[in-house]
Amino acid sequence: MTQIEVEIDSILANSKRSFGDQSHATGRGGDAVFTWDYERSRDGLSRLYEKAKRTQWNATDLDWSIDVDVEKMANQMAELAGGPGAGRSIMADIDGSPVASWGVKEWSEFRIETLNWRLSQFLHGEQGALVCTAKIVETVPWIDAKYYASTQVMDEARHVEVFARYLDTKLTGHYPVNPELQLLIDDVLRDNRWDITYMGMQIMIEGLALAAFGFMHMFTEEPLLKQLLRYVMADEARHVAFGTLSLQEYYQELSGSEIRERQEFAFEAALRMRDRLLMVQVWEHFDVPQAVIREFLVRLRQGQAWFQAPLFSKIVPNCKKLGLLDAGDGWLRQRFTEIGVIEYEDHGDAQLDVELLDAVTADRLAAQ
Ligand SMILES: [Fe+2]
Ligand SMILES: [Fe+2]
């Protein structure tokens, strides 16, 4: 077997994992830390905390009376995002693929399921952020960071709430969490090092999510989803900024070998998100046989057609801001160059996003 086949088999094996019908419990690493130093010594975090308190919104601020035509939305989004795409023609070309005979109706259903799947992963990812941020409140040793993280817990609760409500009342089905996403979140939670929760959630997973929200916001004309994403993104940009501000300070204290461990963690998480977050569950929903799904994924990987480099547009610049790209012998710069994402190193940074999205919040407050 080739290396690609081995990896696809491991992804397919993981896709069979169940995280429970009702709940999933996972171990959590790291001590809960109390600090007796209550002095507000970190101005950047302090300002972010004040801003977070001023800009809290409520799910009821969104216009839930809007009627959503799911089919129209799914088709429109697919058209704006570039039509059927290489992946679907690869799937249709495989011997025995039921997809070969699909017509307009089936592709339309597929697009709807894709949308349901994506929004479901946003929902589960938001819950991951909720739990990770609660862990940060406990484990981070600085009072200013505990204060700020507590506002993020509230933000993430609201995000879970609005995605769940959108899925329940406007879309046509839920999907369980993508196992690869849950496995990554579980690893982040299990780690004993407090900064790894930040690194995994605020920098890597939220960085990817912010880019994905941005694409969906760009490609949907459905007004409620657009509004929902804008509100969520305004918060998320602040969350990524919280991660970079905190880690920039902490990473200055670490030794060369400790920094290398963080570089390796960042790269491994990036690869897992790039290569393993696949829509196996959607193809299974349409009863595509496992052997066909396997062949599809192998061909997709060989052709690199699945790879959406722009999803790294937030991650790479934030790693740069943390000093991780060039630390040591530039190990992470080398890796990001090899996987073709280094071009994003100077892409608009999180601070810029915070400012842009604050303008959105100001609009909203003015309209109330
Ligand atoms: Fe969130
Ligand atoms: Fe967040």
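Trainee: Which residues of H3 meet H5?

Mentor: From H3, Val70, Glu71, Ala74, Asn75, Met77 and Ala78 meet Ser108, Arg111, Ile112 and Leu115 of H5, where contact requires C-beta atoms, placed from the backbone, to lie within 7 Å. By kind, the residues of this contact divide into six nonpolar, two polar and two charged, with Ala, Val, Leu, Ile, Met, Phe, Trp, Tyr, Cys and Pro counted as nonpolar, Asp, Glu, Lys and Arg as charged, and the others, Gly among them, as polar. Please keep in mind that this is a predicted model, in which local features need pLDDT of at least 70 and side-chain atom pairs count only at pLDDT 80 or more, while totals for chains, interfaces and linings use all residues. Residues are numbered from 1 along each chain as its sequence is written, and chains are lettered from A and ligands numbered from 1 in the order in which they are written.

Trainee: Why is H3 called roughly perpendicular to H5?

Mentor: The axes of H3 (residues 70-80) and H5 (residues 104-139) come within 9 Å and cross at roughly 90°; these axes are lines fitted to C-alpha atoms over the stretch in contact, with angles running from 0 to 180 degrees between N-to-C directions. Angles of 65 to 115 degrees count as roughly perpendicular, against under 35 for roughly parallel, over 145 for roughly antiparallel and oblique for the rest, so H3 is roughly perpendicular to H5. Both helices are DSSP runs (H or I, at least four residues), numbered from the N terminus.

Trainee: How do you know that the length of helix H10 agrees with its number of residues?

Mentor: The expected span is 1.5 Å times one less than the number of residues; the 21 residues of H10 (residues 256-276) should therefore span 30 Å, and the end C-alpha atoms are 30 Å apart, which agrees. Helix H6 (residues 143-170), with 28 residues, likewise reaches 40 Å, close to the 40 Å expected.

Trainee: What makes Ala32 count as buried or exposed?

Mentor: A residue is buried if 20 or more other C-beta atoms lie within 10 Å of its own, exposed if 12 or fewer, and partly exposed in between. Ala32 has 9 such neighbours and therefore counts as exposed; its place is the loop between H1 (3-14) and H2 (43-54), and, leaving aside neighbours within four places in sequence, Ala32 is in contact with Glu138 and Thr139. Asp287, in the loop between H11 (280-285) and H12 (290-303), counts as exposed because it has 7 neighbours, and its phi is near 60°, a positive value in a residue other than glycine.

Trainee: Which class does Trp64 fall into, and why?

Mentor: Trp64, in the loop between H2 and H3, has 14 other C-beta atoms within 10 Å and is therefore partly exposed. Its C-alpha atom is separated by 9.2 Å from that of Arg165, 101 residues apart along the chain.

Trainee: What makes Ala266 stand out in the largest nonpolar core?

Mentor: A nonpolar core is a set of buried Ala, Val, Leu, Ile, Met, Phe, Trp, Tyr and Cys residues joined through C-beta atoms within 7 Å. The largest has 83 residues, and Met204 and Ala266 have the most contacts inside it; helix H9 (residues 223-251) gives the most to this core, with 14 residues. Ala266 is among the buried residues of H10, and, neighbours within four places in sequence aside, Ala266 is in contact with Met199, Met204, Cys319, Leu324 and Leu332. What covers the buried residues of H10 includes H7 (179-190), H8 (194-219), H13 (315-321) and H14 (331-338).

Note on methods:
Helix = DSSP H or I, 4+ residues; strand = E, 2+ residues; numbered from the N terminus. Contact = placed C-beta atoms within 7 Å.
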